[in-house]
Amino acid sequence: MDVQTLGITVLWTFLYGYLIVASIDFGAGFYAFYSKYTKRDHLTNRLILRYLSPVWEVTNVFFVFFFVGLVGFFPDSAYYFGTALLVPASIVLVLIAIRGSFYAFANYGSNDSMFYTFLYGATGLLIPAAMSTTLTISQGGFIRKTNDTVEFLGTKLFSNFYSWTVVALAIVSVLYISAMFLLFYADKAKDEGATPLIRKWALFWSGPTILVCALVFFGLKNQAAWHYENILNGNWWWFAASFLFFLIAVTLVYMKKNYGIAFVAVMLQYAVAWFGYGYTHLPYILYPYIDINKAVVNETMASALVVVFIFGLLLLIPALYLILRLFLFDNDYVRGKSSK
Amino acid sequence: MFNDPVVLSRLLTGLTLAFHIIFATIGVGVPLMVLAAEFIGLKRKDPDYILLARRWTRGYVVTVAVGVVTGTAIGLQLSLLWPSLMQVAGQTIALPLFMETFAFFFEAIFLGIYLYTWDRFKNPWLHWLIGIPVVIGATASAFFITTVNSFMNSPEGFKIVNGTLTQIEPLKAMFNTATPTKATHVIVSAYLTVAFILAAIAAFHLLRKKTLSAAETAYHKKALRLTVMAGLIFAFSTALVGDFSGKYLAKYQPEKLAAAEWHFDTTSEAELIFGGILDQQEDGSYEIKGAVKIPYALSILAGGAPNTEVIGLNEFAKEDQAPLIVHYFFDIMVSIGMYLTAISALFILAFRLKKLNPYNKWILRGVFIGGPLAMISIEAGWMYAEIGRQPWTLYGIMRTADAATTSTAVGPMLILFSALYLLLGTICTVVLLRMFKKNTVGKELQELAENHHARGEAMFVDDNK
């Protein structure tokens with residue numbers, strides 16, 4: 001594997017990690033608000049908080065890791081995306097800042113107000129919505145290079161139907177992934193009040209998820225023909241597999257069986273679709289300006305980054321294992337029994 | 001000026017950094033102090049120190065959250081506002097940037113564990129051990145990110161041939177000439193600042209002694225002794241490293257030192273100029289008025305001997321000189337550093353010699369203002385570091401004006417982020433104040449005393465409250 005493929009695979013994997021953990025976090029924020037609003041928070045919110053409290057900062061790092069790594073492996077992306085995305089990226093930053101700090105204010109600062117929960121819930125949907133537009137932008141047509149600058153065609157993006165279907169996909173996916181995870185967590189906690197309610201959420205969002213998925217998939221044909229052709233060229237099976245995993249997950253939940261395996265199926269559903277999408281997007285990071293083969297950083301830096309990455313993983317995997325063992329796989333903690 | 005993307009990008013970056021550095025400094029220093037307190041508490045079996053560690057941690061998580069989100073902001077803003085700089089940085093200095101995310105990842109994971117496992121282990125030392133990766137991660141983050149700033153001052157580890165970058169050596173770029181002094185200076189001064197902020201809190205409570213119970217007074221005195229002792233150690237270290245930084249500048253970035261010292265003509269036996277104002281003469285030269293002049297001091301700072309030749313600003317072209325205002329930032333930084341050394345030394349001496357009451361009202365007041373002053377010193381130090389490097393963003397390689405974005409939307413973003421920081425700063429302060437007012441030391445100490453017979457689980461109040 002050449003270094004640019006390795007680099008983009010690492011980055012794409014981290015972004016996948018972010019997709020999963022952030023979806024859980026974002027969706028949980030929305031559900032926390034929704035439960036509170038419908039006065040059912042006594043059923044669910046203790047459960048949600050018990051999972052979220054120790055891990056929210058870890059979630060954020062996945063994102064930082066991705067964009068720092070992107071600039072490291074493909075410095076041109078700093079130039080193109082940096083110049084073009086000043087406004088949308090700044091808005092995402094403000095939303096992330098509000099979300100993260102208000103979470104801490106509400107949770108650690110014991111200011112349990114409806115307004116903070118609202119901010120926390122609303123940003124949970126707005127952030128993925130705004131972030132997902134980068135996927136559409138990367139397929140080309142919304143960034144124009146002129147002689148000495150790079151221009152972002154914001155109005156074009158705003159009035160583009162396909163771009164809105166991607167936004168919709170991001171939002172329903174967040175709610176779907178999150179509900180599926182919380183269902184597993186609630187079941188593990190043997191929380192009989194929360195489980196049926198969360199199961200309803202999970203089933204409710206599965207329909208829209210698959211509908212919007214199909215819409216995005218077929219919308220690609222008109223939006224980015226090059227990408228669509230790459231998929232049809234022998235790479236459609238990624239998405240068929242994704243659909244299969246979706247069916248497994250929903251069937252299990254419907255039959256009230258094995259919520260753990262159901263969540264694994266959800267992760268696989270998104271994994272194959274995500275990597276299929278990424279694989280067929282290559283060699284472009286930003287069509288047609290950033291081609292991984294031309295934009296890759298010099299070889300010395302690339303190998304240094306890979307070495308650091310490997311050492312970093314050796315350090316992180318045991319640490320991640322530890323935090324998961326303590327807060328996700330420790331039955332006493334999950335059930336809220338152990339003293340904190 | 002206000003529609004110039006370069007000026008606006010500098011303002012926005014400066015604003016984000018000025019806000020972020022408060023929380024970043026707290027983030028680097030507090031874990032160390034928490035671990036010190038928990039160590040003493042476990043060693044001496046003194047619950048006061050454990051309570052101290054727990055209360056500091058509780059405040060810390062709120063500031064960490066703001067640190068994390070503003071750190072994310074500056075991380076992304078670098079690419080958004082300085083795309084051309086980051087294009088070069090990606091090729092040359094990406095390594096420590098990448099490492100920093102790992103260090104932070106590591107810290108975040110263990111902080112999560114540390115926060116929620118106070119009473120989870122049978123052996124309390126296990127909990128203390130979990131704090132060690134937090135300290136290492138926090139300090140390593142500071143180190144890695146400062147190497148990037150050092151690189152901006154001393155870009156090494158690459159060559160430019162016909163406009164393209166070649167012969168790239170990532171490790172040499174990371175461990176450049178400026179790295180040793182700069183990284184140590186940043187880390188030690190963060191420890192110093194945090195020690196003083198925590199000391200200021202203790203001093204504040206002791207100054208309102210009348211309302212304190214005996215147990216509370218004892219608690220705050222312990223906090224004060226620990227933090228001021230740490231403050232003294234770090235104040236001396238900071239002064240020492242600061243001296244090395246001066247020598248680094250004199251040798252490698254002489255115009256930066258000269259701008260800070262208003263040192264115009266190259267001379268040996270150079271005097272150090274403190275304060276004063278500049279009066280521009282008709283021929284464009286400057287006359288310094290009202291300054292305190294310390295003979296030989298600049299030569300000693302620059303080279304360790306009174307006869308060291310110090311290069312003056314006039315040796316450099318006008319367009320390569322930094323703004324002369326940095327003189328004041330430098331003076332503020334140094335004089336606060338000296339003040340902190342003096343006041344902590346006074347307290348410790350009084351405590352050891354027992355001739356003077358260390359809890360004397362005036363010493364307490366002196367320690368109290370040390371907290372905010374230390375933070376001002378951090379701000380002034382960074383303003384000197386960044387404005388003093390101008391007109392360069394990469395010293396000698398890339399000018400700031402050539403690195404900025406060409407986007408016309410920086411102005412509105414500046415307003416947006418100003419509003420954000422104002423909001424976060426205000427609410428963070430309110431939340432912290434309310435948090436500690438609601439759950440006072442007195443209340444917690446009382447709960448401690450009541451539960452004294454049942455050591456272990458019930459010993460401490462729930463941190464989640």
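**Figure legends: overall folds, chain contact and packing details**

Figure 1. Along the principal axes, the C-alpha atoms of chain A fill a box of roughly 60 × 40 × 40 Å. Chain A contains 14 helices and 4 strands; helices (H or I, at least four residues) and strands (E, at least two) are DSSP runs, numbered from the N terminus. Of its 340 residues, 53% count as buried. A residue is buried if 20 or more other C-beta atoms lie within 10 Å of its own, exposed if 12 or fewer, and partly exposed in between, with C-beta atoms placed from the backbone. Of the contacts in chain A with a separation of 6 or more, 76% involve residues 24 or more positions apart; two residues are in contact if their C-beta atoms, placed from the backbone, lie within 7 Å. Residues are numbered from 1 along each chain as its sequence is written, and chains are lettered from A and ligands numbered from 1 in the order in which they are written. The model is predicted: local features need pLDDT of at least 70 and side-chain atom pairs count only at pLDDT 80 or more, whereas totals for chains, interfaces and linings use all residues.

**Figure 2. Overall dimensions of chain B.** The C-alpha trace of chain B spans about 75 × 50 × 40 Å along its principal axes. For 465 residues a compact globule would have a radius of gyration near 23 Å, and the 24 Å of chain B agrees. Chain B has 15 helices and 8 strands, and 52% of its 465 residues count as buried. Among its contacts between residues at least 6 apart in sequence, 76% join residues at least 24 apart.

**Figure 3. Packing of helices H10 and H11 in chain A.** The axes of H10(A) (residues 237-254) and H11(A) (residues 259-281) come within 8 Å and cross at roughly 165°. Axes are lines fitted to C-alpha atoms, for helices over the stretch in contact, and angles run from 0 to 180 degrees between N-to-C directions. H10(A) and H11(A) are therefore roughly antiparallel to each other; angles under 35 degrees count as roughly parallel, over 145 as roughly antiparallel, 65 to 115 as roughly perpendicular and the rest as oblique. Their crossing is left-handed. A crossing is left-handed if the near helix is turned anticlockwise from the far one by less than a right angle, and right-handed if clockwise. Residues of H10(A) in the contact include A:Trp238, A:Phe245 and A:Leu252, and those of H11(A) include A:Tyr259, A:Val266 and A:Phe275. The residues of this contact comprise 18 nonpolar, 3 polar and no charged. Ala, Val, Leu, Ile, Met, Phe, Trp, Tyr, Cys and Pro count as nonpolar, Asp, Glu, Lys and Arg as charged, and the others, Gly among them, as polar.

**Figure 4. The contact between chains A and B.** Chain B contributes 64 residues and chain A 58 residues. On the side of chain B that touches chain A, H2 (47-81), H3 (83-92), H4 (94-115) and H14 (410-438) each supply at least two residues. The largest share of that side, 17 residues, comes from H4(B). By class, the side has 40 nonpolar, 15 polar and 9 charged residues.

**Figure 5. The pairing of H3(A) with H3(B).** The axes of H3(A) (residues 76-84) and H3(B) come within 7 Å and cross at roughly 160°. The two helices are therefore roughly antiparallel, and their crossing is right-handed. A:Asp76, A:Ala78, A:Tyr79, A:Gly82 and A:Thr83 of H3(A) make the contact with B:Pro83, B:Ser84, B:Met86, B:Gln87 and B:Gly90 of H3(B). This contact has 4 nonpolar, 5 polar and 1 charged residues.

Figure 6. Helix H9(B) (residues 254-261) is largely enclosed by the rest of the structure, because 7 of its 8 residues are buried. Just after H9(B), B:Trp262 takes a positive phi of about 50°. Not counting residues up to four places away in sequence, B:Val241 touches B:Thr181, B:Thr184, B:His185 and B:Val188. B:Val241 and B:Thr184 are 57 residues apart in sequence and 6.9 Å apart in space, C-alpha to C-alpha.

Note on methods:
The radius of gyration is taken over C-alpha atoms; the globule rule is 2.2 Å times the number of residues to the power 0.38.
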